[in-house]
Amino acid sequence: MSSRTLPLLFINLGGEMLYILDQRLRAQNIPVDKAKKVMNDIITTMFNKKFLEELFKPQELYSKKALRTVFDRLAHASIMRLNQASMDKLYDLMTMAFKYQVLLCPRAKDILLVSFNHMDAIKDFVKDTPSVLSQVDETYRQLIEMYTPLSSGEFQLIRQTLLIFFQDMHIRVSIFLKDKVQNSNGRFVLPISGPVPHGTHIPGLIRMFSCNGEEVKRLQFRNGGNYTGVLGEGSFEMFGERVIKLGTNMYSVSRPVETHMSGTSKNSAQKKSVNTAPNPLAKEELNMLARLMGGMEVQKLGNADSGFRVNLFATDEEEEEALISRPDEFSYDVIKIQATKNQQANAELAKIMGDFTEEAGEPCSSIANSKGDDLLAMMDGL
Amino acid sequence: MYHKEKSIQMKSSASALYNNLSVLRIAPRSLTYFTVVHANMVNMVSASWDGLNYSHRQLQSKEANVATSSSLIMQAAWCVLPSRDILVLTSQKGIQMYESDGSIMVYWHALDTPETQTAQAVFARGIAAVREKYICVGISSGSMLVFDVPIKGSNITLSEVLEEHKESITDLASECSGSQECIADMVSADDSGNLCVWKSGEDFQLLNKIPGFQMSCSSVKLWKGTVVAGYGTGQIRLYEAVTGIVHAEVNAHARWIYSLDIAPFSGLLLSAAEDSLVRVWHLTMTPETNSVEIVHMYNECVTDTQICGAKFCDGDGYAFAVTGYDLSEIIRYTQV
């Protein structure tokens, strides 16, 4: 649908990831200098110029599989390491948080304000590092340039595209359950109270006019809700009061980051069909992925001592248990690319892509299909 | 006024798309068909009136050229013509038309998609059957395609391309009162809220252009010469189609309106929005004073659901059905 969705998806998910990692680093008492380095390294990679150039190009959204691969890579852009279970949980939290924010946005345009909230926080994380700060500022400018001219309808298309991406995801998040913004069935609470969006009137008034435009009758009706006023307009510039609170950091050291796998909707009929794409789709995605990740410079783990592991769970045992007990329908299909072999992987990818594009003129579709299978097999083996 | 009936379960959930529910009542077979879009697929459920038999079918967006990415469907709607009912699917790649129960595809029209991806999205959206022989479909560029549909068979042809809108088409509606006296046959709406009123024929004629106010009009209906338009601000406006005179303005919803429907025999209006509310209104025309009145009748809150489709199941408005984002059921209500 909208070809301008990927930058917003990436920046907001990235922002949530940083909030969670920041919380875990502090909860695990990682030394301040190491923690800061992790945050700086990840943010540097996120806002790498070449990477962003690829990201901001008009394109369809990636599949969940491809996007998860990008974030796996991003999470390992520093000396920090995450086990599979922790990475799964991190991704669950990131996606459910952004799904919540997209759903609750009063206006479609407010997705941009949510993005600015994430950007404001990211800027704060790197305020002492001028080189990264300038990259972040440059990204603000790109966001402003690309998104502020869009109409309400175009923002709604972006929102609809995002909602298709998040469709059928109902993972329960502890912090949401506690705050009563999510029900025990995993669905978010949509209040019919509070202020109405900027530009909307509180429902209840009918005005009728004569042929020459004079108001001739007014009727009131009960709106069934409890609306209290109109929201002010947030700032769409580099600085300013955003008004919308969605996208600000909801974690602090004392608030745990749990998710619940059991009891989540077991309706297996709701298999996400968007992912069961034929091979040709996967190949095009691999093309895009290779170009995107070509711009991502991932830290080589030099000195083994400087690396450390972050756990999204309270104990190592819990983490192990989570990996074993994770239900099948929630497993993320990831294209595995070892962080330590990144340069080799890049070369391999590039070579594969090169080989493939030479053969693109092949008329026989069966050959194309097997090529796709080979590609995927190679990727998984890397 | 209404109470909830047993819901119909679907094979997959509804996507957040405008006007995401289409209902076709087949009286001779005591059946009602419901179609709901889920990403690149359409869920079709046929429900017998005695509530005992349900059958499901899923249609994929089949594209002629499968080389590139899969195509998301923007809308699926029944077009009721005198001799046949056609199911129209509009997607990012083109327009598919199916015969009656969705078993046979009778026509495929590919959209001009550029070689490399452009910032402007390409898709078809907005479907209406007009008079006896036309099916009109809107495009993201603002153009509208007019197809000439024969009484039977697959010899459907593109009759005309209407270039009036500059923004993406959001919805199309044809005069639904059944009256032959109405001058205006169709209204089209776009993302900037502009409305165009048309008379059908060999060449469609633009009768009037009603300017928008920079806010998308996501759903539109035309009944007895009155345009009913729902906007992203939650407002509903009633206009006289051929003159553009505003009859009424309603602060109807607290969020973006996703669906409007009219029961032509009774003048009941149904509106549904992201704010979880479905509202029923009543329209009365007073030809002597050339006025239209709208009164509020009923509210139904579908808890924690952003509604994306709401349609009456019959011409009197005795029953209506609702779909919501992430919901795998079609919720039904009937009058008490």
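A salt bridge is here a side-chain nitrogen of Lys or Arg lying within 4 Å of a carboxyl oxygen of Asp or Glu. By that criterion the structure holds 29 salt bridges over all chains, and Arg207(A), Glu215(A), Arg218(A), Arg237(B) and Glu249(B) are linked in a network of them.

This is a predicted model, in which local features need pLDDT of at least 70 and side-chain atom pairs count only at pLDDT 80 or more, while totals for chains, interfaces and linings use all residues. Residues are numbered from 1 along each chain as its sequence is written, chains are lettered from A and ligands numbered from 1 in the order in which they are written, and side-chain values use heavy atoms, with hydrogens and water left out.

Helices (H or I, at least four residues) and strands (E, at least two) are DSSP runs, numbered from the N terminus. Glu249(B) forms a salt bridge with Arg207(A), and this pair crosses between chains, from strand β22 (residues 246-251) of chain B to strand β4 (residues 205-209) of chain A. Buried means under 20% relative accessible area, exposed over 50%, and partly exposed in between, with a 1.4 Å probe and protein chains only; Glu249(B) counts as buried at 16%, whereas Arg207(A), at 24%, counts as partly exposed.

Glu249(B) also forms a salt bridge with Arg237(B). Arg237(B) lies in strand β21 (residues 235-240) of chain B and Glu249(B) in strand β22 of that chain, so the pair ties together parts that are twelve residues apart in sequence. Both Glu249(B) and Arg237(B) are buried.

Helix α4 (residues 64-75) of chain A has twelve residues and reaches 16 Å from its first C-alpha to its last, close to the 16 Å expected at 1.5 Å a residue, where the expected span is 1.5 Å times one less than the number of residues. Eleven of the twelve residues of α4(A) are buried, among them Leu67(A), Val70(A), Phe71(A) and Leu74(A).

Within this helix Asp72(A) forms a salt bridge with Arg68(A), and the two residues are four apart, about one turn of the helix. An α-helix has 3.6 residues a turn, so residues three or four places apart point the same way. Asp72(A) is buried, with a relative accessible area of 17%, and Arg68(A) is buried with a value of 0%.

| Asp72(A) | Arg68(A) | 2.9 Å |
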